[in-house]
Amino acid sequence: MLFVVIRNFFRGYLLVKIRGEFIERFFNMCAYRNIYIWDIVRMKDDTFFKMSMRGFRECRDICRKTHSRLTIVEKHGFPIWIRGLGKRKFFILGLCLFIAFFIISSQFVWAIEIHGLKHEKASRILEDLESVGLKEGVYKNKFDPEILKEQILLKDDKLAWVWVDIKGNKAIVQVKEKVEAPDLVPDDKPCNIVALKMGIVARKNVKVGNCKLQEGDTVFPGDILVSGILVSETPDVPTHYVHADGEIYVHTWHEKVGEFNLYTEKKVYTGQKKKFCHMKLLGKKISLSLQAKIPYESYDMSESIHNLKLGENHYLGIGFIVDTAREYKIVKVPMTIEQAAEKAKTKLREEMDKSLALHNKIVSDSFSYEKTADTIITATLRGEYEEQIGVAQPVTVGELPPETEEKK
Amino acid sequence: MKNQKKGGAKRSVGEKVADALELPKDILLNMPKMAIFGNKEITVENYKGILEYTENKVRLNTASYVLVINGENLSIKNIATEIITVYGKFSNIEFT
């Protein structure tokens, strides 16, 4: 039944009024000839029923035989709808244009998403992608993601892994950054331990190698702390090369000086803002604002992009960009000397931490400050630190310790 | 039932064969097969034609008798060579 109804809808059907003496005979003959008739309703003298358009053409001679008169009351169905549509030319034109636009725009990449970034900036990755041919508005079948991945990896040595996925009109780029390997000498290669900084030896913990340093000795950058070249005193035993291992702690002295203001600068938004609308059409940015000048002296720009899309990933290549310029004023908030000193101390401490070796300990330090100008204090942080300053430096087999070479 | 009470319901040979072989009677004996949904809808298979159709009465011809459906606002939902569905509010259905 449902199938018949659907079929008749697509072929078109008619609501027909029948008048005559022998309508029962008409129905019987139609049934006999396989002309499908449904929804027969009788209202006093008139009888209405529905039949397909083809059936209407086929039942002409039945009408003649049964002396009945058929009148079409209503027309229904898909062909009728299409015929009605034919009169609305601009609607059809619009529909065609829309479909064409939809099909064409779906062949391009309109959005690029980057996942997995930790230290690198997305803009840099985007530049890399652009240089290998992936950017907004590019024909999506033009490149092969597999080849693209390799090209990006060759281009950018900071990435360990790249995956490019094209979903709808969106390119999803997943990256994994490289973790830089520490500059280590492999365990089986001979090496010396060399000083990085100047200092006075405080304590030492030598596991492998030859260390002639005593507590209180001064070392300079580049000095060998623990030697991996073991020269035998008996002439028969050859020189031995080992992977020197050990920690040498030295005392170092550092000083950090900085000038600090007795106020903080604070950004206060005035509430004045100006919006500039742009339309993004097929990768091009078209300004919609007449006035492009920003009337503020100091302002922040923020950009918000609204892309037109269907569903999750089907971008249409149209979008709106709203740039908002917000005016702000710098306000100086005064501070007491103590507050400024506290701030200076944390700041200097941070700086100090950066310049110290990874393994360090504060032996003693002092912080002092003085007011040098109306709104400026000069703060000093100086102290004594214990640092582990040894780093491995490879040694080639056959090399002799510097002292022995001098002796020769 | 009626015939049985009167004593000795005579069954035709065809009926006997159909019973013995458990064959569908509507095919073998050309009998109409009806499905009635309450007093609203009746589907008759194996009918031979419409004899009369008005708002209150539908008369259908079958191989063995005439089926008369009386009621109000009767309409024919669909009609084909062997099957017809009548819809409406039935008051009685007669076999004459």
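Visitor: How many helices and strands does chain B have, and in what order do they come?
Guide: In this predicted model, chain B holds three helices and six strands. From the N terminus, the order is α-α-α-β-β-β-β-β-β.

Visitor: What share of chain B counts as buried, and what makes a residue buried?
Guide: A residue is buried if 20 or more other C-beta atoms lie within 10 Å of its own. Of the 96 residues in chain B, 21% count as buried.

Visitor: Why is helix H6 of chain A called hardly covered?
Guide: The count of buried residues among the 17 residues of H6(A) is zero.

Visitor: How do you know that the span of helix H6 of chain A agrees with what it should be?
Guide: At 1.5 Å a residue, the 17 residues of H6(A), 89–105, should span 24 Å. The end C-alpha atoms of H6(A) are 24 Å apart, so the two values agree.

Visitor: Which strands of the open sheet in chain A are called edge strands, and why?
Guide: The order of this three-stranded sheet is E13-E10-E23, with antiparallel pairing. Strands E13 (224–226) and E23 (390–394) each pair on one side only, and are the edge strands. Neighbouring strands of the sheet are turned by 50° against each other on average, direction ignored.

Visitor: What makes E10 and E23 of chain A a pair?
Guide: Two strands pair if at least two bridges are found between them. Five bridges join E10(A), residues 191–195, to E23(A), and the two run antiparallel, so they count as paired. Asn192(A) stands opposite Gln393(A) of E23(A).

Technical notes: Residues are numbered from 1 along each chain as its sequence is written. Chains are lettered from A and ligands numbered from 1 in the order in which they are written. This is a predicted model: local features need pLDDT of at least 70, side-chain atom pairs count only at pLDDT 80 or more; totals for chains, interfaces and linings use all residues. Helices (H or I, at least four residues) and strands (E, at least two) are DSSP runs, numbered from the N terminus. Axes are lines fitted to C-alpha atoms, for helices over the stretch in contact, and angles run from 0 to 180 degrees between N-to-C directions. The expected span of a helix is 1.5 Å times one less than its number of residues. A residue is buried if 20 or more other C-beta atoms lie within 10 Å of its own, exposed if 12 or fewer, and partly exposed in between; C-beta atoms are placed from the backbone.
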